[in-house]
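Good morning. I will go through one model today, starting with the ligand and ending with some backbone details.

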Amino acid sequence: MNMRFLDACWGKPVDRTPVWLMRQAGRYLPEYMAVRSKCTFLELCKTPELAAEVTIQPVDYLGVDAAIMFSDILTPVEPMGMKLDFVPGPVFESPIRCMADVEKLRIPQMEQDVPYVIETIKILRRELAGKVPLIGFGGAPFTLACYMVEGKGSKDFAQIKRMMYAAPDVYGALMEKITTMSMEYLNAQIAAGAQCIQIFDTWGGILSPADYERYVLPYTVRLINGLNRMETPVIHFVKGSGAMLDTVVKAGGDVMGLDWHVNLGAARNLIGPKMAVQGNLDPTVLYATNEIIEREVKRVLDENAGRPGHIFNLGHGILPTVPPENAKFMVECVHRLSQN
Ligand code: CP3
């Protein structure tokens, strides 16, 4: 078993810098499109054999040091009682707007309501044995609340911010419920065999540092503290958090995910030696020539300056129009340039 990814999560020294890519299973891979052409995205998520197959595709093709279970951050929200569709972005038919909507939400029974997630993890642990570790994941409470209240993606997030400021009781009740659901969901993934958990807070960066601390941090703290993480490291990724890293680190976790707006070395100096970091190549660098890709990989590695506890990744998900061979070349560069 290739242990470099887990070792780096715990801050231990490794032979080469481990690397994986956020959203590494997906539309940029022709093998994914072949499977996806036969079913909808949600059907793919709910069919364990297929979800496991597309999880392993990038592991074999790219040569990455970790697999991430194929699913979506919104899959556990559907059994809370919210009808979900992907077009291809997520859409909830009836967004949450008032206390009565929050009260109607139920906390799913994980074994009964998301059996396909549990089963996908079990299949993957068998199929990945002797290869690479398996990452499970979920959305952070705030990012899930953004989709549940807006009903879809948003440019200004006016609905969720309006609720946060103008109906704080509704906002608080919703966040509590999502936090409880997420804790049970992620612990079920750990129990099923996930060897690391990544929490995606894609929209945490739309708030001021003060509002992040007041309206988001307490819930993420409760979530991370509630995870069975003695043997399972937790990666916390808050996109757009460069200007408030000192606040975001208070959420805890073992690894801080970084986007490309920060210098990785400067971020490490601020975070301190107790936490590992993951990141942070600009995903659009994968459109560049090999020469530029290699230069940018080297720059990120140089910013880390050989410190243990670095997992190489993009600063956000890989884009669907990236040439797959460029992603493969990036992975090869990370391994070659970081060799001890
Ligand atoms: O990383 C992986 O390979 C595992 C799979 C994964 C998906 N979504 C599959 C997916 C993961 C980890 C996610 C997380 C996710 N989903 C996040 C957090 C990470 C991020 O990108 O910020 C968010 C915000 C979502 C919500 C979501 N799901 C959006 C906004 C979209 C539409 C945009 C897009 O990329 O298509 C999705 C759909 C989605 N999730 C697809 C995939 C492969 C595309 C669906 C398709 O095949 O048509």
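Predicted model: local features only at pLDDT ≥ 70, side-chain atom pairs only at ≥ 80, totals over all residues.

Residues are numbered from 1 along each chain as its sequence is written, and side-chain values use heavy atoms, with hydrogens and water left out.

Let me start with the ligand. There are 22 residues around the ligand, and those that come nearest are R27, Y32, D72, T202 and H316. A residue is taken as near if one of its heavy atoms lies within 4 Å of the molecule. By class, this shell holds 13 nonpolar, five polar and four charged residues. For the classes, Ala, Val, Leu, Ile, Met, Phe, Trp, Tyr, Cys and Pro are nonpolar, Asp, Glu, Lys and Arg are charged, and the others, Gly among them, are polar.

Next, the polar contacts. The term stands for a pair of N or O atoms within 3.5 Å; within protein, one must be able to donate a hydrogen and the other to accept it, and residues adjacent in sequence count only if both atoms are side-chain atoms. Y32 puts a polar side-chain atom 2.6 Å from an oxygen of the ligand. D72 has a polar side-chain atom 2.7 Å from a ligand nitrogen. From Q24, a polar backbone atom is 3.2 Å from a ligand oxygen. On its own the ligand has 860 Å² of accessible area, and the protein covers 90% of that. Areas are from the Shrake-Rupley method with a 1.4 Å probe; for residues, only the protein chains shown count as cover.

Now the backbone. Where are the cis peptide bonds? One joins V87 and P88, with omega about 0°. P88 is in the loop between β2 (84-86) and β3 (90-92). Helices (H or I, at least four residues) and strands (E, at least two) are DSSP runs, numbered from the N terminus. Another cis bond runs from G279 to N280, with omega near -5°, and N280 belongs to strand β8, residues 276-281.

H310 is part of strand β9, residues 310-314. H310 counts as buried because its relative accessible area is 3%; the cut-offs are under 20% for buried, over 50% for exposed and partly exposed in between, with a 1.4 Å probe and protein chains only.

On to phi. R23 is not a glycine, yet its phi is positive, about 60°. R23 sits in the loop between α1 (4-9) and α2 (30-36). Is R23 buried or exposed? R23 is exposed, because its relative accessibility is 54%. F157, also not a glycine, has a positive phi near 55°. F157 is in the loop between α8 (141-150) and α9 (158-166), and its 5% relative accessibility is why F157 counts as buried.

Last, two pairs. G26 is in the loop between α1 and α2 and is buried, at 8% relative accessibility. From G26 to R36 the sequence separation is 10 residues, and the C-alpha to C-alpha distance is 9.1 Å. A145, in helix α8, is buried at 0%. A145 and A52 are 93 residues apart in sequence and 28 Å apart, again C-alpha to C-alpha.
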